[in-house]
Amino acid sequence: MTNKKYVLILLSAFIIFALVSAATKPPLFTSKIQLFGSEEYFNDTQDLININTAVAEELMALTGIGEVKANAIIHYRTNYGEFKHTSELLNVKGITAKIYASIEAYICI
């Protein structure tokens, strides 16, 4: 086998490996786009706090959310089901529009 053929075979194998690897890995980011709503955004949700699954300690990492408000969020989602939109946090006792505005960029569902 000549050196050119050997290089072409190795290069082909590398390309196939790279394509298969890229196709089987999870995406690097998750997008959330709301086409007809007031919010259109593209977020890397890995660093966001999911308000449907977060425990109290995670929620308390948010500005303006202490133990009482974190427990109120958990109580609300336990009684009324998962949040369908982050703005539903405004239905939770103690979550004001000012608090919601300060944490909106750091939460997801």
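Biologist: Is T86 buried or exposed?
Modeller: This is a predicted model, and T86 lies in the loop between α3 (67-80) and α4 (97-103). A residue counts as buried under 20% relative accessible area. T86 has a relative accessible area of 3%, so T86 is buried.

Biologist: Which side chain does T86 join through a polar contact of 2.8 Å?
Modeller: Leaving aside neighbours within four places in sequence, T86 is in contact with I51, Y100, I107, C108 and I109. The polar contact of 2.8 Å runs from the side chain of T86 to that of Y100.

Biologist: Which elements give two or more residues to the largest nonpolar core?
Modeller: The largest nonpolar core has 18 residues, and those touching the most other members are L59, I65, I73, L89 and I95. Two or more residues of this core come from each of α2 (56-59), α3 and α4.

Biologist: Which residues does I73 touch, not counting those up to four places away in sequence?
Modeller: I73 is among the core residues that touch the most other members. With residues up to four places away set aside, the list for I73 is I51, L59, I65, F83, L89, V92 and I95.

Biologist: Is G64 buried, partly exposed or exposed?
Modeller: G64 sits in the loop between α2 and α3. The partly exposed class lies between the buried limit of 20% and the exposed limit of 50%. G64 has a relative accessible area of 41%, so G64 is partly exposed.

Biologist: How far apart in space are G64 and I95, C-alpha to C-alpha?
Modeller: Not counting residues up to four places away in sequence, G64 touches K69 and I99. In sequence, G64 and I95 are 31 residues apart. From C-alpha to C-alpha, their distance in space is 8.8 Å.

Biologist: Is L19 buried or exposed?
Modeller: L19 is found in helix α1 (residues 3-24). With L11, F14 and I15, L19 forms a nonpolar patch on the surface, and together they have about 420 Å² of accessible area. The exposed class requires over 50% relative accessible area. L19 has 58% relative accessibility, so L19 is exposed.

Biologist: In what order do the elements of the protein chain run from the N terminus on?
Modeller: The protein chain holds four helices and two strands. From the N terminus on, their order is α-β-α-α-α-β.

Biologist: What share of the residues in the protein chain is buried?
Modeller: The accessible surface of the chain comes to about 8,200 Å², with 63% belonging to carbon and sulfur atoms. Of the 109 residues in the protein chain, the buried share is 24%.

Definitions and conventions
Residues numbered from 1 in each chain as written. Predicted model: local features only at pLDDT ≥ 70, side-chain atom pairs only at ≥ 80, totals over all residues. Heavy atoms only, no water. Buried < 20%, exposed > 50% of the residue type's maximum accessible area, 1.4 Å probe, protein only. Polar contact = N/O pair within 3.5 Å; in protein donor to acceptor, adjacent residues only side chain to side chain. Contact = heavy atoms within 4.5 Å. Core = buried A, V, L, I, M, F, W, Y, C linked by side-chain atoms within 4.5 Å. Patch = residues over 30% accessible without salt bridge, like charges linked within 9 Å, V, L, I, M, F, W, Y side chains within 5 Å. Areas by Shrake-Rupley, 256 points an atom, 1.4 Å probe, with all protein chains shown as cover. Salt bridge = Lys/Arg side-chain N within 4 Å of Asp/Glu carboxyl O.
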